[in-house]
Amino acid sequence: MTKRNQRLLGVAALLIGVGVAATLGFTAFRKNMMYFYTPSDLAAGTVPVGAAAQLGGLVEAGSLTRGEGLKVEFRVADCAKNVAVRYEGVLPDLFREGQGVVADGYMTAEKVFVATRILAKHDENYMPPQVADALKGDPESGKHSCMPFKAVAANAG
Amino acid sequence: MWTWFHRLASPPTFYRFAERLAPWLLIAGLALIGVGVWQGLFVAPADYQQGDAFRIIYVHVPAAALSLSIYTAMAVAGAIALIWRMKLAEVAVVSAAPIGASFTALALVTGMLWGKPTWGAYWVWDARLTSELVLLFLYLGVIGLNQAYSDPRTAARACAWLALVGVVNVPIVHYSVQWWNSLHQGSTILSAEAIANPKMAPSMLKPLLMSMAGSYLFFGAVWLRRMQNGVLVRERRAKWVRAFAGQALLAEGSNARPGMAGPGLVEAATPRQGRQDDADRGRGA
């Protein structure tokens, strides 16, 4: 074996080694890589009551009710389940029904998620307003897909 | 084809090749960026949800795409440098890192500026943002490692190893939005699904593709220029560099100081020189 082939082997071994290590590591710690839990996870009891957590999903159409001042209540859904959310504070500009959101907060014993901060999760679609208007007839338009909200726990969903 | 490749690997051939190619890349790149950004900012329609805030995409997405592409290119050059001990590939590794770091920083900053009005936060520790930040640290690591050795070849090889180890992060950045839950949205243009079924209106997409292509050409020009400088510094004792520097002095000397400059001057042109030093300053002779 020439010196050059040895180095070639070394580089290949390094790449494969690092790749395998990363794959194993990230598969084992998949849960830790998730930025938020989904309603399915909360329904499955993955997050203990009172523990700080992030919840991600779509604001369910027709579920938004505004209370006194800055109080709002709505339901957040993924493709399978939904959960009630209570929040008092400033909402991002993009917040609306059908929009993806990520909320910081905790679950209560009454199965309500009390949010302390709400961020809008934008989706990957961009279009001018006229195109969006033309799509209005389609019930799916303006509504973000529930697909990006992946359940964290294996037994959820 | 291979003889051409081998010839290009020789520093003087590369230098002349880059000297001819770089200006065209730069002109074409800047023109494309100019038209793309102008169309993106003034001609493309506003987004139905984000309004004008979406327009930062014309800087953010090219910068982010380049941050990954440059790292990949750096790792490929690193592999060539390590396996074939090619000097030019070593120069390629160390000269790509600062450009890549700049584009990564630009992607992070523009992303944060967009995130505040759109998401409601400058920064969150989701998988995409965090892995992109790690990418910036990898670039800074390569830059730092290069500074840490006095011998440029040892330094470049250390950088090449780091580039190879770090390349594992590139697919992580790219697929982070698919593999895990993140606040950052999925790819609008750079995924198989998006190419089959565009997620962006054509009037918005065209300027983006232009500014992206322009950014790649711009990077090509800057990379070639940095590599030219790297080659000159490393080969400063070689005959071709002396001859080259002599020609440059001759060309300039004939204008300013007839009879003072010539190829013989190059060897004498050290910072310790008195009068001639004024004329030679900044030329790296």
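How many bridges join strand β4 of chain A to β6(A), and do the two run parallel or antiparallel? Four bridges join them, and the strands run parallel. The model is predicted.

**Chain A: layout**

Chain A holds four helices and six strands. Read from the N terminus, its elements run α-α-α-β-β-β-β-β-β-α. The C-alpha atoms of chain A fill a box of roughly 75 × 45 × 25 Å along the principal axes. Its radius of gyration is 21 Å. A compact globule of 157 residues would have a value near 15 Å.

**Chain A: pairing around β6**

Strand β6(A) pairs with β4(A), residues 82-88. It also pairs with β5(A), residues 100-107. The sense of pairing with β5(A) is antiparallel. Each pairing has a bridge that can be named by residue. Tyr87(A) has Ala115(A) as its partner in β6(A). Asp104(A) has Arg117(A) as its partner in β6(A).

| Strand paired with β6(A) | Sense | Bridges |
|---|---|---|
| β4(A), residues 82-88 | parallel | four bridges |
| β5(A), residues 100-107 | antiparallel | eight bridges |

Strands β5(A) and β6(A) form a hairpin with four residues between them. In this hairpin, Lys111(A) takes a positive phi near 65 degrees.

**Where chain A touches chain B**

Strand β6(A) has a part in the contact between the chains as well. The contact takes 34 residues from chain A and 34 residues from chain B. On the side of chain A, the elements that give two or more residues are α1 (3-28), β6 (112-121) and α4 (129-134). Helix α1(A) gives the largest share, nine residues. What is the make-up of this side of chain A by class? It has 23 nonpolar, four polar and seven charged residues.

**Chain B: a helix pair**

In chain B, helix α3 covers residues 57-84 and helix α4 covers residues 87-118. The two helices pack at an angle of about 160 degrees. Their axes are 8 Å apart. Why does α3(B) count as roughly antiparallel to α4(B)? Because the angle is about 160 degrees, and angles over 145 count as roughly antiparallel. The crossing of α3(B) with α4(B) is left-handed. The residues of their contact divide into 21 nonpolar, seven polar and one charged.

Terms used. Residues numbered from 1 in each chain as written. Chains lettered and ligands numbered in written order. Predicted model: local features only at pLDDT ≥ 70, side-chain atom pairs only at ≥ 80, totals over all residues. Axes fitted to C-alpha atoms, helices over the stretch in contact; angles between N-to-C directions. Parallel < 35°, antiparallel > 145°, perpendicular 65-115°, else oblique. Left-handed = near helix turned anticlockwise from the far one by under 90°. Nonpolar A, V, L, I, M, F, W, Y, C, P; charged D, E, K, R; others polar. Contact = placed C-beta atoms within 7 Å. Pairing = 2+ DSSP bridges. Rg over C-alpha atoms; globule rule 2.2 N^0.38 Å.
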